[in-house]
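Please look over the sequence and structure before reading the points below.

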Amino acid sequence: MKRVITFGTFDVLHIGHIRILQRARALGDHLTVGISTDAMNFSKKQKKPVYSQFDRMEIVKAIAGVDEVFLEHSLDLKGEYIKKYKSDILVMGNDWEGRFDEFKALCEVVYLPRTEGISTTELLAEIRASASGLA
Ligand code: C2G
């Protein structure tokens, strides 16, 4: 049994999130997803997610193929999470290319290409524009 782990904020869920989760799951038999806490996201991106960490966890847990979710409290704990969840493969989008290579000592590390043309940031900008009648 191959256990896959991936991490992310997964705020305002979109097709890019679904695709990376499905591709990650297809690399093994079990998928664990670490959801960035609100505090961690703030330190990473200087902004508060739209959905709370508990709602984001519940939403991601409801996606077919996601077996287990937990809250990721710090980037510095990634090695601990990989060990705790007995992960064989760490999957990240290629916006993180090379950033987690140190974990190759613990498991296989795979960076998958991001889905082009969509991001939570762009989506929020479109929603704002459409709400103010610009789009
Ligand atoms: N993603 C993607 N295509 C997009 C947008 C996102 O494949 N168009 C992927 C990202 O590469 C990431 C995952 O979806 O692997 C989650 O994206 P984010 O919620 O933006 O996660 P991020 O804030 O990058 O958190 O420990 C690492 C971080 O917690 C990753």
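A polar contact is a pair of N or O atoms within 3.5 Å. In this predicted model, a backbone N or O atom of Gly93 lies 3.1 Å from an oxygen atom of the ligand, which means that the pair counts as a polar contact.

**Ligand surroundings**
- There are 22 residues around the ligand, and those that come nearest are Phe10, Lys45, Lys78, Asp95 and Ile118.
- The side chain of Lys78 places an N or O atom 2.5 Å from an oxygen atom of the ligand.
- A nitrogen atom of the ligand is 2.8 Å from a backbone N or O atom of Thr115.

**Asp11**
- Asp11 is buried but has no salt bridge; Arg56, the nearest side chain of opposite charge, is 4.4 Å away, and the cut-off for a salt bridge is 4 Å.
- A polar atom of the Asp11 side chain lies 2.6 Å from the backbone nitrogen of Val50.
- Beyond its neighbours within four places in sequence, Asp11 contacts His17, Pro49, Val50, Tyr51, Arg56 and Thr120.

**Nonpolar cores**
- The largest nonpolar core has 17 residues, with Leu21 and Val33 making the most contacts inside it.
- Two or more residues of this core come from each of helix 1, strand 2 (30-36), helix 3 (53-61), strand 4 (89-93) and strand 5 (108-112).
- A second, separate core has 14 residues, among them Tyr85, Leu90, Trp96 and Val109.

Note on methods
Residues numbered from 1 in each chain as written. Predicted model: local features only at pLDDT ≥ 70, side-chain atom pairs only at ≥ 80, totals over all residues. Heavy atoms only, no water. Buried < 20%, exposed > 50% of the residue type's maximum accessible area, 1.4 Å probe, protein only. Lys, Arg positive; Asp, Glu negative; His and termini not counted. Polar contact = N/O pair within 3.5 Å; in protein donor to acceptor, adjacent residues only side chain to side chain. Contact = heavy atoms within 4.5 Å. Core = buried A, V, L, I, M, F, W, Y, C linked by side-chain atoms within 4.5 Å. Helix = DSSP H or I, 4+ residues; strand = E, 2+ residues; numbered from the N terminus. Near = heavy atom within 4 Å.
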